[in-house]
Each structure stands twice: as structure tokens, then as C-alpha cells.
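Please look over the sequence and the model shown here.

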Amino acid sequence: MPKRGAFIVVEGLDRSGKTTQTSRLYDRLSQSGTPVKLYKFPDRTTATGKMIDSYLRSQSELDDRAIHLLFSANRWEAACSMIKELETGTTIICDRYAFSGIAFSAAKALPPPSSSSLSSPDTNSTNPSKSISTSTLSYEWCRAPDTGLPAPDLVIFLDVSEAVAQARGGYGQERYEKADMQRRVRAVFQRIAIEFPPVDVGRRAQGELEGGLRWINIDAGQDMDKVGADIWNCVEALVGGVGTPLGRLWS
Ligand code: FDM
């Protein structure tokens with residue numbers, strides 16, 4: 001059976017260098033002759049993407065559940081093409097995916113991180129004017145709409161501290177680009193990471209990376225070239241393609 005392309009997701013907080021690193025990784029793979037395609041979610045060009053863009057720029061208001069489902073729909077719109085590409089041998093690099101979906105939505109229902117408990121009810125919605133309680137934005141609820149999407153072979157989480165993010169120029173103007181929200185998002189990402197078996201990056205033989213989703217944390221506070229080298233160290237084993245069938249989230 002010919003090998004399929006690898007599916008690699010890069011996740012991270014704002015100012016983690018995610019977009020720079022995904023495009024560098026894309027360039028490196030293309031230059032090495034690997035058929036590769038770069039995706040970025042949300043894809044702001046589609047009909048759902050335009051609604052998401054307007055929400056993120058605070059030009060429109062939406063219920064927390066409605067925006068969560070739009071982010072998921074935005075991925076489902078691309079799912080068929082992604083599956084075809086992977087099965088015909090194209091490697092996919094993806095800048096954010098369903099893990100951001102869970103992290104940013106479930107973060108809205110968290111109390112401030114100092115007293116954080118992922119099952120606590122919401123007291124700090126990003127949209128306090130809404131009349132409907134956001135307590136249903138549980139971790140499980142946020143995970144559900146993405147069930148069945150193609151599962152990545154590898155998730156690389158670019159971890160950056162608040163101090164480093166601030167030193168890089170602080171956060172931007174969009175809805176979630178605030179220190180308190182980023183702290184909560186980080187807490188949910190940590191909760192997601194524990195669902196996956198730990199990977200020893202030093203033992204990155206292809207056999208270890210194949211056959212199920214793997215999550216790797218990389219210190220994104222390091223020099224950009226060092227982060228790129230760490231990413232390549234994880235990805236290299238998947239460059240020749242993957243011999244196991246494409247999995248589905250969360251099964
Ligand atoms: N975001 C992104 C979500 O809230 N849910 C999602 O499913 C995804 C993919 O959208 F604040 C958030 C994360 C971020 C914002 O992302 C846009 P970029 O990477 O800054 O464009």
C-alpha cells in the first residue's frame with residue numbers, strides 16, 4: 001500500500017511564533033521535494049470564515065456556542081479536500097485546528113487561572129451582556145462537534161510564557177488577545193495534552209510517531225532557529241509519508 005501524507009498540526013498561544021514556524025516548515029518540506037500543503041484555521045475566506053473574522057474583530061456579537069460551532073464548521077468545510085490530499089500522498093501542515101477550538105471556547109468557562117478548575121461554571125464570559133448562561137461550554141461539549149474530523153499524526157504545541165509574549169510586543173487587537181484569556185487558554189491546552197501519550201523527542205523513530213495522534217510541547221521562548229530545529233527534529237521521521245490509515249478525532 002502506498003504511503004499517505006503526514007498530517008501535522010501546529011498549535012500555540014498568541015505570539016508563540018506559530019505562523020512563522022508553519023511557513024518555515026512548509027518551505028523546508030517543499031524544498032526537500034515533499035508534496036505539501038499549508039492550511040490555516042480559521043480560514044477567513046469562506047462564508048463561515050467571514051462570520052468568524054467579523055466576530056474576532058468585535059464587529060459582530062455571537063453566542064459562545066454559535067461561534068464555537070462556526071469554527072468547527074469552518075474545519076468541516078475543508079475536511080473532504082484534506083482527506084483526499086493526505087490519501088494521495090500530500091503532507092498537510094496546519095496552523096491551528098480543533099485543539100484551538102476546544103482551548104479558546106472552554107477557556108471562556110474557566111475562572112481566573114489562579115483558582116482554575118476546568119469543570120467550574122462560567123463566571124467570566126468574554127461577552128457578559130449575553131443572557132444565556134455559558135456554563136454548557138464544558139470541555140466535553142467543546143470537543144464534540146469536531147468528532148470524526150481527520151486526526152493529525154502529530155500536534156506540535158508551541159509553548160510561550162506570558163512574559164515572553166509581552167516582550168515580543170504584547171498581544172494584538174482581536175477579541176481573545178488579552179493576557180487573562182491567554183492564561184486560561186494555556187490551561188485548557190495543558191488539559192488537552194494529557195490525553196495523549198507523551199513522546200520522547202529524542203526517540204522520534206517513525207514507528208513511535210505512527211499509529212495514533214502524538215502531542216509534543218516545544219519551548220517557543222527559544223531563539224527562532226532553535227524552535228525551527230526542534231520542530232524539524234519531530235517532523236523529519238514523518239517526511240517520507242505514513243504507513244498507517246488516517247485516524248479520526250476523537251476515536
Ligand atoms: N480560534 C481559532 C478559536 O477560538 N477557535 C478555533 O477553532 C480556532 C481555529 O481564533 F484567537 C481563535 C484563536 C485565535 C483566533 O486565530 C484566530 P489566528 O491564528 O490569530 O488567526
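Pro 42 sits in the loop that runs between strand β2 (36-40) and helix α2. The model is a predicted one, and in it the peptide bond from Phe 41 to Pro 42 is cis, with omega near 0 degrees. Another loop, between β1 (7-12) and α1 (18-31), holds Arg 15. The phi angle of Arg 15 is near 70 degrees, a positive value in a residue other than glycine.

Both residues of the cis peptide bond, Phe 41 and Pro 42, belong to the shell around the ligand. Leu 56, Phe 71, Arg 96, Ser 100, Gly 101, Phe 104 and Tyr 176 also surround the ligand. By type, the shell consists of six nonpolar residues, two polar ones and one charged. Helix α4 (residues 98-107) supplies its largest share, with three residues.

The next topic is how the helices pack. Two packed helices are described by the angle between their axes and the distance between the axes. For helix α2 (residues 47-56) and helix α3 (residues 64-87), the axes come within 9 Å and cross at roughly 140 degrees. This crossing of α2 and α3 is left-handed. On the α2 side, the contact is made by Thr 48, Gly 49, Met 51, Ile 52 and Tyr 55. On the α3 side, Ile 67, Leu 70, Phe 71, Ala 73, Asn 74 and Glu 77 take part. The contact of α2 with α3 comprises seven nonpolar residues, three polar and one charged.

Helix α4 packs in turn on helix α7 (residues 179-193), at an angle of about 130 degrees and with the axes 8 Å apart. The two helices, α4 and α7, are therefore oblique to each other. Their crossing is right-handed. From α4, the residues that meet α7 are Phe 99, Ile 102, Ala 103, Phe 104, Ala 106 and Ala 107. Their partners in α7 are Met 181, Arg 184, Val 185, Val 188, Phe 189 and Ile 192. Eleven residues of the contact of α4 with α7 are nonpolar, none is polar and one is charged.

As for annotation, an unreviewed UniProt entry lists residues 10-109 as "domain: Thymidylate kinase-like". Over that range the chain is 58% helix and 13% strand. The C-alpha atoms at the ends of residues 10-109 are 24 Å apart.

Notes: Residues are numbered from 1 along each chain as its sequence is written. This is a predicted model: local features need pLDDT of at least 70, side-chain atom pairs count only at pLDDT 80 or more; totals for chains, interfaces and linings use all residues. UniProt positions are given in the numbering used here, feature names are shortened, and annotations may be inferred rather than shown by experiment. Helices (H or I, at least four residues) and strands (E, at least two) are DSSP runs, numbered from the N terminus. A residue is near a molecule or strand if its C-beta atom, placed from the backbone, lies within 6 Å of it. Ala, Val, Leu, Ile, Met, Phe, Trp, Tyr, Cys and Pro count as nonpolar, Asp, Glu, Lys and Arg as charged, and the others, Gly among them, as polar. Axes are lines fitted to C-alpha atoms, for helices over the stretch in contact, and angles run from 0 to 180 degrees between N-to-C directions. A crossing is left-handed if the near helix is turned anticlockwise from the far one by less than a right angle, and right-handed if clockwise. Two residues are in contact if their C-beta atoms, placed from the backbone, lie within 7 Å. Angles under 35 degrees count as roughly parallel, over 145 as roughly antiparallel, 65 to 115 as roughly perpendicular and the rest as oblique.
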